[in-house]
Amino acid sequence: MTQQARLRLLLALNICAVLLLIAAGAWHRHTSAVPRIVPALAQVEDPDMAGYCRAIQGELAAGRFDRLEAEAAGLVGLRDRFHGGVEKLVVFYNALANPGCGGFDCRADYEPRLQPLGDWLKRTSSPPPAAWIANAWLWDNYAWSAKRCAGFTDVTFDQWQAFYARVRTARGYLDHAGLRGDPAFFLISLDLLRDSGGTRQQIDAMFKQGHEAFPRFLRLDAEYAGLLDPTWYGKEGDIGWFAETLLGDPGGEDGQIAYAVVAKEGARYVRYPHLFLETGLTWAKTRAGLALIERKYGNGNYDWNLVCYMAMVAIDRPAALDAYRHFAPLWNPSVWPNADYFYDQALPWITYEK
Amino acid sequence: MTGWAAGWAAACAGLLLACAAAATDARAELTSPVAFSRDGVPADFCKVVRQDLLDGEFTQLEATHKAAQSLEARFTGGQPELEVFYDALTKSSCTGFFATSCSDDPSFDSRKQRLQEWLDRKSDPSTANLALARFWWDAAWAARGCGFANQVTSQQWQGFFERLKLAAGYAHQIDAQSDAEAGHLLLALARDFNLPRDQIDAVFQQARRRFPTYFLTYQEYGTITLEKWSGRTDLTAPYVQSLATDPGGDTGEVAYSILAELLLYEFKADRLYGADAGFAWPKVKQAFAAREKLYGLGARDWTALCYLAYVAQDRAAARDALRQLDGKVQFWPFTGTGDFYLHVLPWIMSDEDAPASQP
């Protein structure tokens with residue numbers, strides 16, 4: 001069977017699966033006794049990550065910059081990780097650069113964060129790398145918040161002006177020497193290249209430098225994979241190509257894990273049901289990496305939800321059901337589009353028994 | 001072009017020139033009875049006129065036409081009501097960006113029937129004949145389809161020329177001196193019948209002498225000068241540059257800007273300001289300023305100016321155009337809006353001299 005024929009067959013199978021989902025959903029609405037809930041953020045957030053995030057935010061609020069500096073210095077080796085293999089360093093900077101603990105929030109007010117982090121820079125004539133990086137990260141988030149959740153074509157001229165002025169400020173913070181020993185430098189540099197009109201060559205070069213310095217930095221792999229979305233810098237098949245390179249570098253189990261992390265990132269933007277059809281990613285390789293992540297780092301609610309979704313896309317009902325049992329009944333709104341989709345379409349297929 | 005069509009084209013040449021030379025003057029004095037906001041889009045006006053046609057409101061149509069005939073009523077950007085009036089009667093859609101004739105045309109038969117009824121009433125035969133000539137010219141292009149010339153089938157070509165023949169038949173009855181659209185239509189027909197260059201030029205010269213502010217005529221001639229029509233690369237630049245003196249003045253400036261807005265799609269960025277197209281950025285900038293002063297500029301015009309400034313690497317002008325658009329770019333020539341937001345916008349908004357934002 002040719003590759004094209006195989007893709008067509010897979011697409012046909014997916015379409016059948018969708019039809020089955022719809023039919024099952026209709027049946028389910030009449031027969032199901034599963035109570036519908038909409039989980040609160042506190043129910044689905046990772047307690048370890050959230051607790052750590054709030055502790056760091058407390059340190060910042062109290063102005064304990066020495067502790068923050070020491071914490072950052074201890075995290076740059078990337079040995080400390082949370083569920084899903086998430087680097088503690090990433091949670092550290094996200095805690096400093098966002099008002100909440102759920103990552104960037106376009107509705108949030110970022111202005112109150114500017115002074116506390118700015119104070120960190122003013123303490124000494126030679127601020128630590130973490131202070132520069134945290135401020136750059138915050139100002140990039142502050143730039144995005146200028147758009148007030150608007151789509152690109154709805155952003156006003158004044159909002160664009162504010163956006164680019166803030167991006168320039170963020171870039172200015174990264175101009176200081178001695179920051180490349182912190183893996184987060186490469187992460188925020190990638191984002192700022194994207195936000196200031198960088199070219200694909202510049203993006204590739206920055207990732208390459210970061211990857212060579214920190215080959216097991218999973219968030220950097222995920223960030224680069226996000227930039228390979230065709231609506232940003234990529235073209236069809238780039239994400240699969242990139243994931244394959246990780247199997248060779250860093251290779252081994254680390255490479256398999258990185259492959260799965262890239263697939264998880266792809267699952268966030270590749271439209272259903274194309275994740276394993278036109279991207280070059282395979283479910284078999286993804287599944288192997290996911291199993292390693294679970295074994296080494298464990299999975300949180302978000303991870304299990306995402307694994308379940310990916311298994312559903314791959315039409316692997318046993319894997320989807322296994323993942324579902326780990327998070328039931330707390331479906332995660334950041335993975336599934338809405339309650340109706342989850343209860344009426346996904347869940348009936350996942351739990352279907354002949 | 002097939003042999004029989006070429007022969008037919010030659011036979012039509014005299015007819016077209018005769019039409020162009022006909023002289024009557026029927027200036028209208030009525031104000032437009034159509035209620036719509038000229039700050040709005042021409043599509044609103046187009047839809048009202050089209051509905052009048054479909055409803056058989058011929059008296060209303062004639063009043064609207066007479067009000068538009070003076071070319072004083074214009075939309076933002078300078079497009080005259082008269083141009084949109086004929087678009088409304090003859091094109092398949094009121095909302096197409098470039099008003100192409102390639103989309104489905106569900107009201108084709110109804111419009112054809114109503115236009116014939118209008119002619120049969122004999123209340124304004126000159127305008128009704130022009131509308132029917134324009135209708136069959138648009139229909140000819142619809143029959144041809146939107147493919148490249150080498151993709152058009154012999155049946156499509158046959159349909160094209162049969163409808164052109166119908167258009168020419170009605171064109172025989174029109175008055176090129178009283179209605180600006182007549183000159184434009186005759187020029188388009190001259191091109192489509194492949195008339196000799198000097199005859200095409202003669203039709204154009206007569207049309208622009210009689211109605212120098214009917215800018216559609218300049219656009220039509222601009223396309224005729226392109227290599228894909230004329231087979232020559234030495235016609236566009238001299239024509240573009242001639243507008244500074246003929247018609248010259250504000251009218252020449254407006255014509256120059258409108259032509260830049262049209263031809264930017266025909267030349268890649270590195271050729272737009274070169275010898276091929278003949279545009280010069282300082283003149284483009286000046287021309288748009290003059291046009292803005294006279295007629296204002298719409299979103300489409302500001303976007304074109306933003307693109308033209310970007311190609312010229314005039315950051316301040318590009319930013320000013322973007323400010324006029326309030327940051328909202330709905331289309332971007334050649335590379336699309338994705339490329340605009342990813343690469344062009346950062347360039348426009350970057351400024352080495354501007355201070356970075358501070359807390």
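These legends describe close-up views of a predicted model. Local features need pLDDT of at least 70, side-chain atom pairs count only at pLDDT 80 or more, and totals for chains, interfaces and linings use all residues. Residues are numbered from 1 along each chain as its sequence is written, while chains are lettered from A and ligands numbered from 1 in the order in which they are written.

**Figure 1. Chain B has 18 helices and zero strands.** Helices (H or I, at least four residues) and strands (E, at least two) are DSSP runs, numbered from the N terminus. Chain B holds 359 residues, and 42% of them are buried. A residue is buried if 20 or more other C-beta atoms lie within 10 Å of its own, exposed if 12 or fewer, and partly exposed in between; C-beta atoms are placed from the backbone. Take the contacts in chain B between residues at least 6 apart in sequence: 68% of them join residues at least 24 apart. Two residues are in contact if their C-beta atoms, placed from the backbone, lie within 7 Å.

**Figure 2. The largest nonpolar core has 199 residues.** A nonpolar core is a set of buried Ala, Val, Leu, Ile, Met, Phe, Trp, Tyr and Cys residues joined through C-beta atoms within 7 Å. A:I133, A:V262 and B:L189 have the most contacts inside this core. Leaving aside neighbours within four places in sequence, A:V262 touches A:D221, A:A222, A:A225, A:I239, A:F242, A:A243 and A:L246.

**Figure 3. Chain A meets chain B through 21 residues of chain A and 19 residues of chain B.** On the side of chain A that touches chain B, α6 (111-122) and α8 (157-174) each supply at least two residues. The most come from α8(A), with ten residues. By class, this side of chain A has seven nonpolar, eleven polar and three charged residues. Ala, Val, Leu, Ile, Met, Phe, Trp, Tyr, Cys and Pro count as nonpolar, Asp, Glu, Lys and Arg as charged, and the others, Gly among them, as polar.

**Figure 4. Helices α11 and α12 of chain A pack at an angle of about 45°.** Their axes are 8 Å apart, and α11(A) covers residues 218-227. Axes are lines fitted to C-alpha atoms, for helices over the stretch in contact, and angles run from 0 to 180 degrees between N-to-C directions. The two helices are therefore oblique to each other. Angles under 35 degrees count as roughly parallel, over 145 as roughly antiparallel, 65 to 115 as roughly perpendicular and the rest as oblique. The crossing of α11(A) and α12(A) is right-handed. A crossing is left-handed if the near helix is turned anticlockwise from the far one by less than a right angle, and right-handed if clockwise. From α11(A), the contact draws on A:L218, A:D221, A:A222, A:Y224, A:A225 and A:G226. From α12(A) come A:I239, A:F242, A:L246, A:A258, A:V261, A:V262, A:E265 and A:G266. Ten residues of this contact are nonpolar, two polar and two charged. A:G226, in α11 of chain A, is buried, with 20 other C-beta atoms within 10 Å.

**Figure 5. Helices α9 and α10 of chain B pack at an angle of about 160°.** Helix α9(B) spans residues 197-210 and α10(B) residues 215-225, with axes 10 Å apart. That angle makes α9(B) roughly antiparallel to α10(B). Their crossing is left-handed. B:I200, B:F204, B:A207 and B:R208 of α9(B) meet B:T217, B:Y218, B:Y221 and B:I224 of α10(B). This contact has six nonpolar residues, one polar and one charged.

Figure 6. A:P250 lies in α12 (residues 238-269) of chain A. B:P247 lies in α13 (residues 244-263) of chain B.

**Figure 7. A:C149 and B:F334 have positive phi without being glycine.** Phi of A:C149 is near 70°. A:C149 sits in the loop between α7 (129-145) and α8 of chain A. A:C149 is exposed, with 11 other C-beta atoms within 10 Å. Phi of B:F334 is about 70°. B:F334 is in the loop between α17 (315-324) and α18 (336-349) of chain B. B:F334 is exposed, with 10 other C-beta atoms within 10 Å.
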